[in-house]
Amino acid sequence: MGPFEVQATLLRIAYTRPTSVLLLLLMDGMIWLQRPDIVDFHNRIQDIPAEFIYDVYDFVVVGGGSAGAAVAARLSEVCDWDVLLLEAGPEETYISEIPYAFPVLQKSKLDWKFKTMPNQSFCQAMGNEQCAWPRGKVLGGSSVLNAMMYIRGNPEDYDEWASFGNVGWSWEDVLPYFVKMENVRDPKIADKPWHGTTGPLTVELFKSNTKLYPFFVEAAKQMGGVWADEMNGPSQHVFGPLHGTIRNGLRCSTAKAYLRPVGMRKNLHVSLNTMVEKILIDPEEKRAYGVMFNKDNRRRYVLVTKEVILSAGSLNSPQLLMLSGVGPRNELERHGIEVIHHSPGVGQNLQDHVGTGGLVFLITNPNNTGALSVNMLDSVTKSSIENFLFNNSGILMGMPMCEIMGFINTKFNSANSKRPDIQLFMAGQSDVSDGGTWAAYGSSFTYKYYAENFGNWVFHDSFMCLPLLLRPESRGHLTLINKDPYSKISIYPNYFSKRRDIDTLIEGLKFCLNISTAPALAQLRPKFIYDTEQGTTCGGTGEQFYECLVRHYSQTIYHPVGTTKMGPKSDPMAVVDARLRVHGIAGLRVVDAGIMPTLVSGNTNGPTVMIGEKASDMIKSDFIRELLDKPDLKPCYTYDYQYF
């Protein structure tokens, strides 16, 4: 057995030991005893027992994720409307509120555990050449699993949507909904006219930074970057600190933001651990009239008088549409599904922000005062746990995987473009300093790959730079495996099917290599790990090496969109119209990231919540005549979110 095989074996043993599970259970118990603010006993959502679910509701919302939670909460503001929210997963856990712990949630019971179909053009370092695509199977959806980064995108993204014929989706149209949903608590930006301070979703700076933070700030400035107080300001071509969906240092999921404050409303029912199997659609009238679902291992049905709101996400929403008879005719007939409406765009137009990892730089502290980066073992020390439990501070409140963020133009972007084509994360923790937890576990690397490329430097002081491609030209698609709703959808992301995508991402990689030479970082004597390793997977230098690295260490940034594309009826590939109503089917809307015609220039969680907010107002306005016919109708009580 060679040295790399020995290291791979040791890593395999380390990752399969039950130690990490025991630590999480212990932390869970300590939170129960010492952090009543996290336990939040009086506000946690109560699962409605199956026997208390009504036979008929005004609205049924399928999926309680980033958009679905917002829709359910907003529609239930009308007391005369009965709203049922069906969520496949459980309530969010205590551990999920710890910012630093987000990687351990992936592949847990809160994750759908999707994987892409094998492909030799990307994710070559992953087992069976399949990328892991974590998606939230929990109340709050992927807002419970994600890295909490709050980016709204570029104004031109939304103006582009409007230019496709989507009336009402320009930047001028969507900005009020970003303002409405925000509760910005950073005093440096809270008073800006483009931000809100009374909405449900709290936005703050992370409470903890590594010792590398000031080095990153200076290096960005030395590279010509413009430093700003935020990444959601007038210009996106800036470097700045990371704002997140954080409340008092803890994760603020959409379940916490939207549902807990209104959980006692009598007209809002939330059913957890409930698997929706089919949207019921009348084939003659082509109208959705109900939902078939499974709860407590028993198939059940519920009818709707107004609409079914499909908010199951970019992967599950198109699957449910196809299982219900709405999708490409050939795909449905291939699986023996009755075609109620031929919609060729369902499952097509798949886009994702792909990045490349492995840009690890070994460093030496010139002051000899200890490590500058975060060592994964530091997070489980007595002091770090005490700081978290008793002081609401310390490493567990940080996000070292992105200390600062930046947006840049490469040579492939228009010189005058207001939309950058690369987003950068400067990380005070790396695939080395974290001991492989992020890479070998989170990204599903093979143990052999990790051992060959990183094994010699585990827990070494280091930093990492991660570039991601903002506006890919490549498009993927989804297909059914069969007509069983419990079979996962087949995912074909088709990363790098357009050559420009890989070339642009390589330019981002080169920028990361260059920033390591900035004087602020040069004093740390950074060594690119691939220059120090022998026998690495990608040998050589130059363009061939860069492409090899990108194709092996292909990193999803967890932003799949576009599979139920929004567009006018004249667009044969559009699935929903500008009011998010499914073309050809009455009483059915899709409200999630799948409706995005193109990716936004940044993280997608904030825009997805905005979609939920905007859709809620659309739905209310579509039924406004009914409301006006009842002049004595009053809205349900609303919560002053800024004090919650």
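This is a predicted model: local features need pLDDT of at least 70, side-chain atom pairs count only at pLDDT 80 or more; totals for chains, interfaces and linings use all residues.
I will start with the layout. The protein is divided into three parts: domain 1 (3-34), domain 2 (35-92 + 138-204 + 244-349 + 562-626) and domain 3 (207-241 + 351-475 + 499-561). Between domain 1 and domain 2, the C-alpha centres are 35 Å apart. Their contact uses 5 residues from domain 1 and 4 residues from domain 2.

The largest nonpolar core has 179 residues, and the members that touch the most others are Trp169, Val291 and Phe454. Which helix gives the most to this core? That is helix α15, residues 499-515, with 8 residues. Domain 2 and domain 3 each supply at least three residues to this core. As general background, nonpolar side chains in soluble globular proteins tend to be buried together.

Setting aside neighbours within four places in sequence, Val291 is in contact with a list of residues including Val60, Val62, Leu86, Val276, Ile279, Leu280, Val302 and Val308. Lys278, Arg300 and Tyr301 are also among the contacts of Val291.

There is a second, separate core of 23 residues, and Tyr94, Leu145, Ile385 and Met397 are among them. Ile385 sits in helix α12, residues 382-391. Is Ile385 buried or exposed? Ile385 is buried, because its relative accessible area is 17% and the cut-off for buried is under 20%. Beyond residues up to four places away in sequence, Ile385 touches Met27, Met30, Ser379 and Val380.

Now a helix pair. The axes of helix α4 (residues 68-75) and helix α19 (residues 605-622) come within 8 Å and cross at roughly 35 degrees. The crossing of α4 past α19 is right-handed. On the α4 side the residues are Ala70, Val71, Arg74 and Leu75, and they meet Gly612, Glu613, Ser616, Ile619 and Lys620 in α19. By type, this contact has 4 nonpolar, 2 polar and 3 charged residues.

Thr202 is in strand β6, residues 201-205, and has a relative accessible area of 0%. Among the residues Thr202 touches, leaving out those up to four places away, are Asn183, Arg185, Gly244 and Cys252. Tyr495 is in the loop between β23 (490-492) and α15, yet Tyr495 is buried, at 5% relative accessible area. Away from its neighbours within four places in sequence, Tyr495 is in contact with Phe122, Cys131, Trp133, Asp352, Val354, Ser474 and Thr556.

Last, backbone angles. Most residues other than glycine have a negative phi. Where does Lys286 lie? Lys286 is in the loop between β12 (275-282) and β13 (287-295). Lys286 is not a glycine, but has a positive phi of about 50 degrees. Lys286 is partly exposed, with 29% relative accessible area. Asn368 also has a positive phi, of about 55 degrees, without being a glycine. Asn368 is in the loop between β18 (360-362) and α12. Why does Asn368 count as exposed? Because its relative accessibility is 69%, and exposed means over 50%.

Conventions. Residues are numbered from 1 along each chain as its sequence is written. Side-chain values use heavy atoms; hydrogens and water are left out. Helices (H or I, at least four residues) and strands (E, at least two) are DSSP runs, numbered from the N terminus. Buried means under 20% relative accessible area, exposed over 50%, partly exposed in between (1.4 Å probe, protein chains only). Contact means heavy atoms within 4.5 Å. A nonpolar core is a set of buried Ala, Val, Leu, Ile, Met, Phe, Trp, Tyr and Cys residues joined through side-chain atoms within 4.5 Å. Domain bounds come from an automatic or database domain assignment. Axes are lines fitted to C-alpha atoms, for helices over the stretch in contact, and angles run from 0 to 180 degrees between N-to-C directions. A crossing is left-handed if the near helix is turned anticlockwise from the far one by less than a right angle, and right-handed if clockwise. Ala, Val, Leu, Ile, Met, Phe, Trp, Tyr, Cys and Pro count as nonpolar, Asp, Glu, Lys and Arg as charged, and the others, Gly among them, as polar.
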